[in-house]
Amino acid sequence: MRWERYAGRDVIALWVADTDFRAPPAVLEAMEARVRHGVFGYTNPPEELRQAIIERLARRYGWTVDPAWLVFLPGVVPGLHVSARRLLAADEHALLPTPLYQHFKRALELAPRAHREIPLVLDNGRWVFDLDALRRARTAKTRLLYLCNPQNPGGTVFRREELLRLAELAPGCVIVSDEIHCDLVLDEAARHVPIASLAPEISRRTVTLMSANKAFNIPAAGCAWAIIEDLQLREAMSVDVRAHLLPSPSVFGYAATLGALREGDGWLAAQIAYLRGNRDLVERELPLPMARVQATYLAWIDCSNLPAMDAHDHFLRHGVALSPGAQFGAPRYVRLNFGTQRARLRQALARMQTALGSAG
């Protein structure tokens, strides 16, 4: 999809968040084995996959999760839409720390549910919460707080103490946390902390959305899960799949995810090292302000000082397609996907440098 949008044009497509890398060999082998099996009927989530997720969360984050807490979904974005419709009453209210992946806001708009955007603030090269603004934005009807950790598009890996303060300022709120980029931490000193892992009280009011799709580049396979301790929240997040309003994950999604979690960590480590080099190249070669990309393969670039008011259009006219910042609530920014081959990235950065030397 990323490349087909500009088919027939001399455009390097660095917008939507998937990569240009083949999936790990373990994933390809798991998919091939599923094809050889030859029967693709209705399929329950494999118990082996449930166990692989539980073991991974314990090993990587020290987070003990009961297998019964898992709710399988076709993707994280459907999970956002379900949360807006099923966890918020029509007269209730949500909080969105922005800039933010556009489907958070889109889910609330389509539900529709009232919401308030709370701008993140830049502190020592990291986008962090404005706790005073968050406190002021709460109302008696505020029921839901959305979180994206690691942050998309800002690239922040939130620290334990930052997440604790956030949770403390939202007592009684359900926290819906998109943690799909948790395996893509680039800074060696940073560690992903699932907000639900901080304390039992926080776990009981958190819906954590996860998937192997981003880390292993398998988004079209179709498999995600929510981790939900509270039975009432779990039932609310399950009803649309049980009623077939949402599809179950793909049988190939189950197979690909299990292969990735069981045997893909060597490939993942090599990818992270490569992405770290790409991140450093973007920061070194592009003379525009951007926060440190601690995680993800997405650079959030400040174009406020460009003469061109529409930075997305300006770079596109010079042969590079980025994501427009307006999608995330910040029109003077663009988001660059550096999850591509380094030679292609160098070519794109050269074109962007040419664009910066052009007035319009």
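User: Leaving aside neighbours within four places in sequence, what is Asn217 in contact with?
Analyst: In this predicted model, Asn217 is in contact with Asp18, Thr19, Phe21, Ala23 and Ala212, once neighbours within four places in sequence are set aside.

User: Which of its contacts are made by the side chain of Asn217?
Analyst: The Asn217 side chain has a polar contact with the side chain of Thr19 at 3.0 Å. The Asn217 side chain also reaches the backbone oxygen of Phe21, at 2.8 Å.

User: Where is Asn217 found, and is Asn217 buried or exposed?
Analyst: Asn217 is in the loop between strand 9 (206-210) and strand 10 (224-228). Its relative accessible area is 14%, and since the cut-off for buried is under 20%, Asn217 is buried.

User: How do strand 2 and strand 10 pair?
Analyst: Strand 2 and strand 10 are antiparallel, with four bridges. Leu73 stands opposite Ala224 in strand 10.

User: Salt bridges next. How many in the whole structure?
Analyst: A search of the whole structure gives 25 salt bridges. One of them is between Asp10 and Arg351, with the closest N and O atoms 2.7 Å apart. Asp10 is in the segment before strand 1 (12-13) and Arg351 is in helix 12 (residues 342-356), so the pair ties together parts 341 residues apart in sequence.

User: And are Asp10 and Arg351 buried or exposed?
Analyst: Asp10 counts as exposed at 59% relative accessibility, whereas Arg351 counts as buried at 15%.

User: What does Asp91 meet in a salt bridge?
Analyst: Asp91 meets Lys141, side chain to side chain, at 2.8 Å from N to O. Asp91 sits in the loop between helix 3 (76-86) and strand 3 (93-98), and Lys141 in the loop between helix 5 (131-137) and strand 7 (142-148), so this pair ties together parts 50 residues apart in sequence. Asp91 is partly exposed at 48% relative accessibility, and Lys141 is partly exposed at 42%.

User: What about Asp280 and Arg279, how far N to O?
Analyst: Their side chains meet in a salt bridge at 2.6 Å, N to O. Asp280 is partly exposed, with 28% relative accessibility. Arg279 is buried, with a relative accessible area of 2%.

User: Which residues are linked in a network of salt bridges?
Analyst: Arg56, Arg59, Arg60, Asp183 and Asp265 are linked in a network of this kind.

User: Where is the place of Tyr274, and what does Tyr274 touch?
Analyst: Tyr274 belongs to helix 10 (residues 265-285). Not counting residues up to four places away in sequence, Tyr274 touches Phe21, Thr340, Gln341 and Arg342. Tyr274 and Gly339 are 65 residues apart in sequence, and their C-alpha atoms are 9.0 Å apart. Tyr274 counts as partly exposed at 30% relative accessibility.

User: Last topic, aromatics. How many aromatic pairs are there?
Analyst: The search of the whole structure finds ten aromatic pairs. For Phe129 and Phe158, the ring centres are 4.3 Å apart and the planes are at 20°, so the pair is stacked. Phe129 is in the loop between strand 6 (126-128) and helix 5, and Phe158 is in the loop between strand 7 and helix 6 (160-168), 29 residues apart. Phe129 and Phe158 are buried.

User: And Trp300 with Tyr333, what is the angle between the planes?
Analyst: The angle is 15°, with 4.9 Å centre to centre, and the pair is stacked. Trp300 lies in strand 11 (residues 298-302) and Tyr333 in strand 14 (residues 333-337), so the pair ties together parts 33 residues apart in sequence. Trp300 is buried at 2% relative accessibility, and Tyr333 is buried at 15%.

User: Which residues form one aromatic cluster?
Analyst: Trp127, Trp300, Phe328 and Tyr333 form one cluster.

Note on methods:
Residues are numbered from 1 along each chain as its sequence is written. This is a predicted model: local features need pLDDT of at least 70, side-chain atom pairs count only at pLDDT 80 or more; totals for chains, interfaces and linings use all residues. Side-chain values use heavy atoms; hydrogens and water are left out. Helices (H or I, at least four residues) and strands (E, at least two) are DSSP runs, numbered from the N terminus. Buried means under 20% relative accessible area, exposed over 50%, partly exposed in between (1.4 Å probe, protein chains only). A polar contact is a pair of N or O atoms within 3.5 Å; within protein, one must be able to donate a hydrogen and the other to accept it, and residues adjacent in sequence count only if both atoms are side-chain atoms. Contact means heavy atoms within 4.5 Å. Two strands pair if DSSP finds at least two bridges between them. A salt bridge is a side-chain nitrogen of Lys or Arg within 4 Å of a carboxyl oxygen of Asp or Glu. Rings of Phe, Tyr and Trp (its six-membered ring) pair if their centres lie within 6.5 Å; planes under 30 degrees apart count as stacked, over 60 as edge-to-face and the rest as tilted.
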